[in-house]
Amino acid sequence: MKKLILIFLSFISFCFLSEVKAQIAEVSSPDGKLKLEVFSENGNALYSLNFQGKMMLEKSPLGLVTNESDFSKNLKFIESKKDIISKKYSNEKIKKSQVEYKANTLTVNFTNADQFNIGIEFQISDNNIALRYDIPPIKDHLSIVIQSEVTGYRFPQQTTTFLSPMMKPMTGFARTAPSYESGYKADAELGIKADYGYVFPGLFHIGNEGWILLSETGISSLYCASHLETTSEKNLYQVAYPNMKENNGFGSSGAAISLPGKTPWRTITIGDSLKPIVETTIPFDVVEPLYEPSQRYQFGKSTWSWILWQDNSMNYDDQTKFIDLASKLNYEFILMDALWDKNIGKDRMKELVQYAKSKNVGVMLWYNSNGAANDAPMGPRNKMSTSVERKKEMKWLKEIGVKGLKVDFFGGDKQETMRLYEDILSDANDFGLMIIFHGATLPRGWEVMYPNYAGSEAVLASEMLYFSEDVRKQEAFFATLHPFIRNTVGSMEFGGTFLNKFLTKSNKEKNRRLTTDGFQLATAVLFQNPIQMFGIMPNNLTDAPKLQLDFIKEVPTLWDETVFIDGYPGKYSVIARRHNDKWYVAGVNAEKTSKKLKLYLPMLAGKNLELINDDKNGNTFTKSVSINKKGEFEIEIQPNGGFVLKN
Ligand code: CA
């Protein structure tokens, strides 16, 4: 009897222990530093992440809710399996031209209360996790609506956040929000609720343990884009689907997919410094091209009059001035912004494109994405929103030799808007046109998925430096955030690098620029987009110093390599990028006092370089410097200033 009781007690304690731990699977990154554990507890599927033995994400929920069945609870573990993935790819549009991706994979299968199956797939590379759901047919049903997701991220209590709120739908200029144009708060405490959640990507500082960047990738026409919401638990953030009020309330919030089907990838990048965050290629590693390019697309630099000369410059004569400017700077493009349809018209546009061609400059033209999503009044309107009109228009654009389009003012993150993005890209490829999106959502793997995709705004961009004193005051602050957050997961078409001292056409009196020339030049390297619009004006050819002009002529927009050097988001940032054998190391300082840094640049050890920097009065100078044999170099960055080092 005593023996039986002992056996009974040990059985109870076994059940108890297994219930508490309930770990059902684990897998590590190829370098062994990042460990994922999956748990099944009380019908909940959970995961946790450890990096170098330290807890980075505590047990966090997995699952989703569909119109057919609930996969967020009463889940029973069935089996798990592991595999490995290894691939190489090249892409000239992203931060690194040649990528080698190696990951260990884990698939965990569950059944729910209705006896339906769901798989959860993980890919674990060094410093990155990508996860998604795999749903088989539900009896004879081959379509499903995914209504919500419980995928969450439970941070250790010491975590602080660097997040940008989603904008309130149908507000702002011509009811065009959300357009990813609110700013960021740096080092905010956990759990601060934003009325409409926070945009992807979100950066989290896990105190002394390191950093986490959350995002998502692989969003095509087959899904909605999502964002982050706070929950009733202060340290738990969750994936949320679009607000119903977007797109003037039209379209649904969830996603309709065919079965068997998969959700897009949610990505988590982890490091003990910001290096893996800046250098991650995870948004591009787990997606594939959706079609072949119809031709070889050329990227590069562009002038645009609108940024300082505004709507009044949308006339034939002013546009020829900016074609001439592009030609003198050896830029590949001119962008002609809104209202050209009315003020120049199609017949004269044909002549203007011919004129640009005679100057070896390609033309990019602005289009309104509308449609019925909001009230944006600028033309051309109703040309991009339906397949019939779009193809007619694109046929004409191809005939007259236009190189690409900037399409603006999208309605939000709903699946129907994701379809519009994809349809524009796909049709444009048929007519050999590149596409830049403005007033738009974050690109999610699109550099790889769509060969003719050439960048998105999705940021509080240069136009707000013209419109807002407050944004001018925070220019340096935001510039120290983008290399670590927004721009690290996708191309960012910012439209900056001004040499006007005053951000006006006359270059005097109002809109004084509060950052130095050195700062402006540094952003041409810090900010990455395969086509960059420069805020250069015709007057800069005579009033800007030769040093500045020489730099904006030669700086590339395509990069073979990107390396984190130093920085803290909101304070300062230093990034190095390489194009062929030319390195550009660039940094800016958002703090009130000058910043002295000892940079470690092993790739430039023992080399003689050119330094462009600001003196104490904010005047920009150049001098020859050398990096010591150990690769060390001391630099002082002025407040609101910046530098570039190049070989
Ligand atoms: Ca905008």
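User: Before we start, what do the words for exposure mean here?

Analyst: A residue is buried when its relative accessible area is under 20% and exposed when that area is over 50%, with partly exposed in between. Please keep in mind that this is a predicted model.

User: Thanks! Why is arginine 348 called partly exposed?

Analyst: Arginine 348 has a relative accessible area of 39%.

User: What makes glutamate 351 count as partly exposed?

Analyst: Glutamate 351 has a relative accessibility of 42%. Because the range between buried and exposed is called partly exposed, glutamate 351 gets that label.

User: How do you know that arginine 348 forms a salt bridge with glutamate 351?

Analyst: The closest N and O atoms of the pair are 3.9 Å apart. The rule asks for a side-chain nitrogen of Lys or Arg within 4 Å of a carboxyl oxygen of Asp or Glu, so this pair is a salt bridge. Both residues sit in helix H7 (residues 345-358), 3 residues apart, or about one turn of the helix.

User: What is the span of H7, and what is it compared with?

Analyst: H7 has 14 residues and reaches 20 Å from its first C-alpha to its last. That is close to the 20 Å expected at 1.5 Å a residue.

User: Why are the buried residues of H7 said to be on the same side?

Analyst: The residues in question are Gly345, Met349, Leu352, Val353 and Ala356. They cover an arc of only 105° around the axis, which is why they are placed on the same side of H7. The face turned away from that buried side carries the exposed residues Asp347, Lys357 and Ser358. Among the elements covering the buried residues are helix H5 (316-328), helix H6 (340-343) and helix H8 (387-400).

User: How many salt bridges are counted, and what makes the pair of arginine 444 and glutamate 216 one of them?

Analyst: The count comes to 32 salt bridges. For arginine 444 and glutamate 216, the N to O distance is 2.7 Å, and the limit is 4 Å, so the pair qualifies. This pair links distant parts of the chain, 228 residues apart: arginine 444 is in the loop between strand S25 (434-437) and helix H10 (446-449), while glutamate 216 is in strand S15 (residues 211-217). Both of these residues are buried.

User: Why is the pair of arginine 578 and glutamate 561 said to tie parts together?

Analyst: Their closest N and O atoms are 2.8 Å apart, in a salt bridge. Arginine 578 lies in strand S29 (residues 572-579) and glutamate 561 in strand S28 (residues 561-568), so the pair ties together parts 17 residues apart in sequence. Arginine 578 is partly exposed at 23% relative accessible area, and glutamate 561 is partly exposed at 27%.

User: What makes the pair of tyrosine 291 and tyrosine 450 tilted?

Analyst: The whole structure holds 31 aromatic pairs. In this pair the ring centres are 6.0 Å apart and the planes are at 45°. Rings pair if their centres lie within 6.5 Å, while planes under 30 degrees apart are stacked, over 60 edge-to-face and the rest tilted; therefore this pair is tilted. Both tyrosine 291 and tyrosine 450 are buried.

User: And why is the pair of tryptophan 340 and tryptophan 396 called stacked?

Analyst: Their ring centres are 6.2 Å apart and their planes are at 10°. Planes under 30 degrees apart count as stacked, so that is the name for this pair. Tryptophan 340 lies in helix H6 and tryptophan 396 in helix H8, so the pair ties together parts 56 residues apart in sequence. Both tryptophans are buried.

User: How do you know that threonine 417 is buried?

Analyst: Threonine 417 has a relative accessible area of 2%, and buried means under 20%. Threonine 417 lies in helix H9 (residues 415-430). Leaving aside neighbours within four places in sequence, threonine 417 is in contact with Asn247, Phe410, Gly411 and Gly412.

Conventions. Residues are numbered from 1 along each chain as its sequence is written. This is a predicted model: local features need pLDDT of at least 70, side-chain atom pairs count only at pLDDT 80 or more; totals for chains, interfaces and linings use all residues. Side-chain values use heavy atoms; hydrogens and water are left out. Helices (H or I, at least four residues) and strands (E, at least two) are DSSP runs, numbered from the N terminus. Buried means under 20% relative accessible area, exposed over 50%, partly exposed in between (1.4 Å probe, protein chains only). The expected span of a helix is 1.5 Å times one less than its number of residues. The arc is that of the directions from the helix axis to the C-beta atoms. Contact means heavy atoms within 4.5 Å.
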